[in-house]
Amino acid sequence: MIRSLGRIGRGGEAGLGRWFVIALPYFWLALFFLVPFLIVLKIAFSNVQLSMPPVEPVVTWATDKVLQVRLHFANFAFVLGDSLYLAAFLNSIQIAAISTLLALLLGYPMAYGIARASGTWRNILFLFVVLPFFTSFLLRVYAWLGLLGRNGPVNGLLLKLHLISEPLQLLQTPFAVYLGMVYSYLPFMVLPLYSAIEKLDLTLLEAAADLGCRPTRAFFAITLPLTREGIFAGCLLVFIPAVGEYVIPALLGGPDTLMIGRVVWDEFFGNRDWPVASALAIILLAVLSGFVLLLQKVQSREGAGP
Amino acid sequence: MTIPTAPGATTPAGAPYVRIDHLTKRFGDFIAVRQVSLEISRGEIFCLLGGSGCGKTTLLRMLAGFETPTEGAIYIDGTDVTLVPPYERPVNMMFQSYALFPHMTVEQNVAFGLQQDRTPRVEMKDRVAEMLSLVQLSGYEKRKPHQLSGGQRQRVALARALVKRPKLLLLDEPLGALDKKLRERTQFELVNLQEQLGVTFVIVTHDQEEAMTLASRIGVMRAGEILQVGTPTDIYEFPNSRFVADFIGSVNMTEGKLVEDEPDHVLIDCPQFGAAVYVDHGVSAPPDAQVSVAIRPEKIQLSREQPEQGHNVLSGVIVGIAYLGDVTRYLVRLPTGFVLRVTAPNVYRHEERLEQDETVFLRWHESAAVVVTR
């Protein structure tokens with residue numbers, strides 16, 4: 001059976017069809033990810049120049065029929081040497097890590113509740129998680145601007161309840177940034193967690209109870225380790241975009257909320273220093289890839305079994 | 001090897017060890033278990049036997065504590081455990097799917113129950129090793145469940161359930177996931193283990209052969225009720241209802257009317273047989289009552305020659321033969337059109353066997369037929 005399938009697959013139309021199906025997404029990725037990435041990489045090794053675009057070409061035809069490739073490493077040296085950029089990186093990672101942890105603490109009970117709810121309820125709760133995606137991301141962050149403002153409903157409610165005597169400064173604070181981050185990325189945490197918890201065989205929990213294990217202990221001994229893959233996936237899906245996040249810290253954070261996404265934006269549009277912005281983007285990509293590889297390694301080492 | 005039995009043996013000899021008192025479980029409008037009362041003695045292997053949806057698993061789950069009874073009570077060793085949560089019951093269960101923890105090794109799986117009791121490390125190690133050697137899995141300590149065969153997983157599940165020395169071990173279709181050969185071997189291993197440890201077993205199964213092999217007593221269930229409780233012999237030879245007679249083993253069943261009802265014998269007119277069936281004991285039923293008559297296939301003898309005159313002799317034509325080696329199964333059609341199943345042992349190697357379409361005489365002993373009134 002398998003052999004005959006292989007024979008069909010190797011030649012003829014079926015083989016071509018299969019090749020096409022595989023090639024199409026790779027072609028798409030190459031066109032819209034690999035090519036832009038190579039362009040950014042090229043700019044990162046370039047130099048500023050008053051022109052449009054404001055960079056020196058890396059590859060030039062010099063006279064005498066010589067192809068000239070000039071790679072400037074100065075951008076990387078500059079970025080790595082300036083403590084401002086290092087601080088922005090560390091700060092981004094810290095904010096992203098705390099946001100991820102908060103999203104996990106909030107998302108796990110949510111996902112658990114949805115996975116254990118009965119049919120109709122499950123669909124309704126699921127809809128609530130996905131519902132925010134029906135509105136633009138930017139719009140939702142702007143909504144928080146209104147909600148958290150000095151005269152916004154949050155302050156209004158707190159004043160009415162006499163919990164505070166004058167409006168709190170909520171915007172332009174780390175609190176607002178964390179709130180925005182957790183709010184925006186929570187669905188990305190909940191969805192993989194839900195699918196992991198939903199797959200968990202409930203008789204395992206019965207077996208644990210039968211062997212004398214109380215429900216809370218069973219959660220840590222059985223449920224948590226067996227949904228680890230969902231936890232990893234959810235954390236990656238939140239952490240990676242959170243590190244490079246620009247919109248949320250720009251709108252909700254104060255001037256002291258230094259995140260790498262904002263630094264890249266400033267270099268690009270403020271200073272018109274495309275090469276430094278590109279170098280920052282490349283370093284960010286390298287750091288995040290490192291994180292993913294590390295996590296994958298941990299996961300494959302611990303998860304020897306299914 | 002000797003393993004100490006469950007501690008706290010406080011019930012006096014002869015008193016029931018497990019007492020189920022008018023237990024009912026309702027799921028909405030559906031009654032899964034209806035007014036079941038049952039007593040199980042210490043050291044017994046008790047089998048709950050029935051088809052799917054008969055309530056046997058619900059009853060077992062109530063014993064384990066996973067379901068709360070709607071009505072009634074459960075006593076184990078004299079203590080009312082009806083509302084005790086599963087993690088505090090002196091009961092362990094072997095799940096049908098085994099429910100081994102996939103992220104733990106064999107050793108960790110077996111040790112899990114002992115860890116919950118905060119058993120000292122050294123003692124825990126000893127007991128786990130002892131249990132694994134008892135189920136012949138020494139050397140597999142570091143394997144994960146997915147690296148084991150079906151039979152090995154079954155034994156890990158058994159070891160995990162037994163290591164806590166429960167007063168009562170519940171087994172849900174313990175051999176259901178094994179292939180036939182392995183099942184037969186494991187049946188005997190299970191009985192041996194039970195005898196060694198003296199733990200009381202309650203087994204749920206739909207497989208009547210499994211129940212007959214394992215059980216000291218069987219409870220036959222249908223639609224949430226226990227129809228009959230008895231030893232395998234009782235259940236097979238003296239079924240108390242049509243359902244039990246039909247469910248256990250193979251049987252020829254027909255309807256009839258009591259025409260003669262004496263204390264030492266009854267005569268039942270069976271239109272489908274075209275004759276009256278003679279039974280050598282009285283029946284507690286009103287005269288002219290409609291009854292069912294059940295005759296096991298192996299209790300009918302076939303012969304070419306007409307037997308001497310007597311009761312329970314019929315003649316018919318062989319319409320089907322299945323030679324199975326140890327026995328041969330025949331289908332014999334009576335003049336009325338009714339087809340009887342007959343099983344005959346193959347005692348001699350050189351034997352002139354009966355053939356298809358041959359006319360034969362059937363005869364059964366006066367005690368062979370069972371009369372049931374419901």
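In chain B, four strands form an open sheet in the order β2-β1-β4-β5, with antiparallel pairing, where strands (E, at least two residues) and helices (H or I, at least four) are DSSP runs numbered from the N terminus, and two strands pair if DSSP finds at least two bridges between them. The model is a predicted one, in which local features need pLDDT of at least 70 and side-chain atom pairs count only at pLDDT 80 or more, whereas totals for chains, interfaces and linings use all residues. Residues are numbered from 1 along each chain as its sequence is written, and chains are lettered from A and ligands numbered from 1 in the order in which they are written.

The edges of the sheet are β2 (30-40) and β5 (79-80) of chain B, each of which pairs on one side only. Strand β1 (residues 18-27) of chain B is joined to β2(B) by seven bridges in the antiparallel sense, and V18(B) stands opposite I40(B) in β2(B). Helix α1 (residues 56-64) of chain B packs on this sheet and touches β1, β2 and β4 (71-76) of chain B, contact being defined by C-beta atoms, placed from the backbone, that lie within 7 Å. The direction of α1 makes about 65 degrees with that of β2(B), as given by lines fitted to C-alpha atoms, for helices over the stretch in contact, with angles running from 0 to 180 degrees between N-to-C directions.

Chain B as a whole comes to eight helices and 20 strands, and 37% of its 374 residues count as buried, that is, they have 20 or more other C-beta atoms within 10 Å of their own, against 12 or fewer for exposed residues and values in between for partly exposed ones. In α2(B), the buried residues include V106(B), V110(B), F112(B) and L114(B), and the buried residues of this helix pack against α3 (121-134) and α4 (150-162) of chain B. Just after α2(B), R118(B) takes a positive phi of about 55 degrees.

The domain assignment, which comes from an automatic or database source, divides chain B into domain 1 (18-242) and domain 2 (253-372). Leaving aside neighbours within four places in sequence, L170(B) is in contact with L60(B), L63(B), A64(B), V91(B), M93(B) and V202(B).

The contact between the chains takes 19 residues from chain B and 16 residues from chain A. On the side of chain B, β6 (91-94) and α2 (106-116) each supply at least two residues, and the largest share, three residues, comes from α2(B). The residues of this side divide into ten nonpolar, six polar and three charged, where Ala, Val, Leu, Ile, Met, Phe, Trp, Tyr, Cys and Pro count as nonpolar, Asp, Glu, Lys and Arg as charged, and the others, Gly among them, as polar.

How values were computed
Two residues are in contact if their C-beta atoms, placed from the backbone, lie within 7 Å.
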